[in-house]
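I opened this model to look up a few local features. My notes are kept in the order in which I looked.

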Amino acid sequence: MQHLLHPLKHSGVGALPTRVLAAAAATTATTTTTTTSNAVPHLSVSRLDCLQQPGHIQEVNQLLEREGMVKLSLGFPDDESRYLHGLIVGLGRFHGHGQPVDHSATRGWFWDIRPSASRFQSNGCQARSETMREFPWHTDCSYEDRPPRYFALQVLQPDRRGGGVFSALAARHVLRQLSPAARDALSRPDFRIAVPPEFVRSSGRTHLVGSILAPGCSASASASASASASIRFREDIVTPLSEAAARAMDELKRALQSPEARRETLHLTSETLPRGSVLLLDNRRWLHARNEVRDPERHLRRVRWDAVPFV
Ligand SMILES: [Fe+2]
């Protein structure tokens, strides 16, 4: 896999030169693994029945555990997401992953991410993912008591106009820039996290009070502590409840805009994630963002799973 260096215009992520991942290896075998130290592990999946092969799901799981991110390239048409469905069933059956999160009684596991001005999938309100606006650094479902540990995106139609670039930044690159005081403050339950209106459930709960970092992240700035860092974050719905929390939040926001964060950011363009790509991500070890969508036909399909308490 080859890296290209050039600047991407992405206000939520920064404008310094960052890594843009080039297209990955061609499919020549049932499963081909490509891994480099600076890139997303990549598997080419030539047939749906790879799911039946011993070791395939195990390989996906190992890469997900080790790197927190895996890219899969499907070598067959799958607009019904049969592969992704089977993969998640297998991760649950053989590797203990929790069940997928139902988006609603009618839509089941999958959520279609595409711009829409009228067809909203939740509570009759437009979710941010249903707009064409950029979406700055965040983790998914930060407002949930049990945010999903993983999510996957299947590309059904990439943005043909160069927008909608998916960016990812490992939390460890952010956390190691924070002072011990900021780590400590971010690990305390001193933040009000609002539930966006479109996701207020029947309980009517509108917010939670909790921490931004899982408590274990506060202990040290060591490499091992950073590697296992767990974060939940979405700036526009977080309110610090103390002065120390406010200072720590400012420090975190500066870290997200720092040259190191920009240097470590992966930008997965439409060339890197063409139609048929599936990206799996650890939602606690990686932050992600999206720049403005330019193609109204852009269409991703998302599934989230393994919702567990944020501790
Ligand atoms: Fe997201």
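**Conventions.** The model is predicted, and I take local features at pLDDT of at least 70 and side-chain atom pairs only at pLDDT 80 or more, while totals for chains, interfaces and linings use all residues. Residues are numbered from 1 along each chain as its sequence is written.

**Sheet.** I looked up an open sheet of three strands, which has the order β11-β10-β12 with antiparallel pairing. Its edge strands, each pairing on one side only, are β11 (207-210) and β12 (238-240). From one strand to the next the twist averages 25°. Strands here are DSSP E runs of at least two residues, helices are H or I runs of at least four, and both are numbered from the N terminus. Two strands pair if DSSP finds at least two bridges between them. Between β10 (residues 191-194) and β11 I find four bridges in the antiparallel sense. I193 has L208 in β11 as its bridge partner.

**V209.** I then went to V209, in strand β11. V209 counts as exposed because it has 11 C-beta neighbours inside 10 Å. The cut-offs, on C-beta atoms placed from the backbone, are 20 or more others within 10 Å for buried, 12 or fewer for exposed, and partly exposed in between. Leaving out residues up to four places away in sequence, V209 touches P189, F191 and R192; contact is set at C-beta atoms, placed from the backbone, within 7 Å. Y143 is 66 residues from V209 in sequence, and their C-alpha atoms are 9.1 Å apart.

**Helix pair.** Next I checked α1 (residues 56-67) against α2 (residues 82-95): the axes are 10 Å apart and the packing angle is about 85°. Axes are lines fitted to C-alpha atoms, for helices over the stretch in contact, with angles from 0 to 180 degrees between N-to-C directions. In α1, I57, V60 and N61 meet L87, G90, L91, F94 and H95 of α2.

**Core.** The largest nonpolar core has 64 residues, and V70 and L280 have the most contacts inside it. Such a core is a set of buried Ala, Val, Leu, Ile, Met, Phe, Trp, Tyr and Cys residues joined through C-beta atoms within 7 Å. Residues up to four places away in sequence aside, L280 touches L64, M69, V70, Y150 and A152.

**Positive phi.** S81, a residue other than glycine, has phi near 60°. S81 sits in the loop between β5 (69-74) and α2, and is partly exposed because 19 other C-beta atoms lie within 10 Å. D306, also not a glycine, has phi near 65°. D306 lies in strand β16 (residues 299-307) and counts as buried, with 21 C-beta neighbours inside 10 Å.

Key. Contact = placed C-beta atoms within 7 Å.
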